[in-house]
Amino acid sequence: MMNIKALSQLLSLFIAVALVVIYLRYIEKRSLFYPAREIEYLPGELGMDFEDVFFKTPDNLELNGWFVPTKDAAYTILFCHGNAGNISHRLEKLKFFQELGNNVFIFDFRGYGRSKGAPSEKGLYNDVQGAYNYLLSRKIAPEQIIGYGESIGGAVIIDLASQNRLGGLIIDSSISNAKDMVKIIYPFLPYWVFSSRWDSVNKIRSITIPKLIIHSINDEIVPYKLGRKLFESAPEPKDFLQIRGGHNSCFFESEHILKEKIADFLKKL
């Protein structure tokens with residue numbers, strides 16, 4: 001039988017490991033989400049009319065978003081932003097999609113902007129489901145909704161598309177899954193100590209609608225190879241666009257080629 005001393009040492013080791021895991025998961029959450037509460041800019045500043053919208057998630061949380069209408073719009077872009085800031089920091093992209101002839105619905109995840117709650121992986125999946133349900137309530141057909149996700153928003157919109165009908169999917173600078181990111185950022189730590197999954201690689205395998213995956217060869221935050229891995233895991237129909245620029249600057253540095261490629265993608269739909 002194990003003696004008291006050995007049992008005490010084993011218990012101490014277990015407690016130490018548990019404390020390390022708890023600490024790492026705390027750091028994980030703090031380093032993953034960077035929400036900003038203050039709405040600094042409005043679409044009107046770029047000449048866009050918009051509706052200020054509040055809607056509920058499946059777990060009954062109130063979120064805020066903007067619906068930017070376009071006359072005779074071909075599609076409605078369901079816009080999932082990245083892990084920092086809020087909807088007021090994406091005005092140029094709203095204008096970009098509107099100029100391509102689309103309505104745009106952008107919303108803040110829980111804990112961002114004027115949306116209630118605090119962000120989490122499961123929570124963000126609920127948030128995009130609530131946004132999708134809101135568009136359906138406006139009598140917008142699923143086939144007329146194009147999912148767009150930037151960075152972590154790509155993982156969010158992929159989760160939605162794996163369970164709901166959409167007309168198409170555009171993924172911009174997103175990860176393959178959390179495990180691949182952990183190997184890059186914390187190669188000395190086992191993956192299981194972190195709670196995040198963001199398993200887009202497996203989810204995208206079941207998505208058969210047209211997909212455009214965009215990634216910069218110069219992305220310093222989400223390596224280019226993860227964007228390629230996501231693309232290679234996706235079934236047809238699919239297309240890949242390689243652009244240039246940093247993770248947060250590639251949209252501006254490659255705007256011309258992005259507009260040309262996305263316009264072509266939407267036209268083919």
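This is a predicted model: local features need pLDDT of at least 70, side-chain atom pairs count only at pLDDT 80 or more; totals for chains, interfaces and linings use all residues.
Residues are numbered from 1 along each chain as its sequence is written, and side-chain values use heavy atoms, with hydrogens and water left out.

Helices (DSSP runs of H or I, at least four residues) and strands (DSSP runs of E, at least two) are numbered from the N terminus, and two strands are taken to pair if DSSP finds at least two bridges between them. On these terms, eight strands form an open sheet in the order 2-3-6-4-7-8-9-10, with mixed pairing. Strand 2 (51-56) and strand 10 stand at the edges with a single partner strand each, so one side of each is left without a neighbour in the sheet. From one strand to the next, the twist averages 20°, where axes are lines fitted to C-alpha atoms, for helices over the stretch in contact, and angles run from 0 to 180 degrees between N-to-C directions.

At the edge formed by strand 10, strand 9 (residues 211-216) and strand 10 (residues 238-243) run parallel and are joined by six bridges. Within this pair, Lys 211 stands opposite Lys 238 of strand 10, and Ile 213 has Phe 240 as its bridge partner in strand 10. Together with helix 7 (residues 224-233), strands 9 and 10 make a right-handed β-α-β unit; a crossover is right-handed if, with the strands pointing away from the viewer, the path from the first strand over the helix to the second runs clockwise. The loop between helix 7 and strand 10 contains Pro 237, and the peptide bond from Glu 236 to Pro 237 is cis, with omega near 0°.

Helix 7 also packs against helix 5 (residues 178-185), at an angle of about 160° and with the axes 11 Å apart. This makes helix 5 roughly antiparallel to helix 7, given that angles under 35 degrees count as roughly parallel, over 145 as roughly antiparallel, 65 to 115 as roughly perpendicular and the rest as oblique. The contact (heavy atoms within 4.5 Å) is made by Asp 180, Met 181 and Ile 184 of helix 5 and by Lys 225, Leu 226 and Lys 229 of helix 7. By class, three of these residues are nonpolar, none is polar and three are charged, where Ala, Val, Leu, Ile, Met, Phe, Trp, Tyr, Cys and Pro count as nonpolar, Asp, Glu, Lys and Arg as charged, and the others, Gly among them, as polar.

Helix 4 (residues 152-161) lies across strand 4 (76-80), strand 7 (145-150) and strand 8 (168-172), and runs at about 150° to strand 7. In the loop between strand 7 and helix 4 lies Ser 151, whose phi is near 55°, a positive value in a residue other than glycine. Helix 3 (residues 121-137) packs on helix 4 at an angle of about 60°, with the axes 9 Å apart, which makes helix 3 oblique to helix 4. Their contact involves Leu 124, Tyr 125, Val 128, Gln 129 and Tyr 132 of helix 3, together with Ala 155, Val 156, Ile 157, Asp 159 and Leu 160 of helix 4, and divides into eight nonpolar, one polar and one charged residues.

A further helix pair is formed by helix 2 (residues 91-99) and helix 9 (residues 255-268), the axes of which come within 11 Å and cross at roughly 40°, so that helix 2 is oblique to helix 9. Phe 96, Phe 97 and Glu 99 of helix 2 make the contact with Glu 255, Leu 258, Lys 259 and Ile 262 of helix 9; of these residues, four are nonpolar, none is polar and three are charged.
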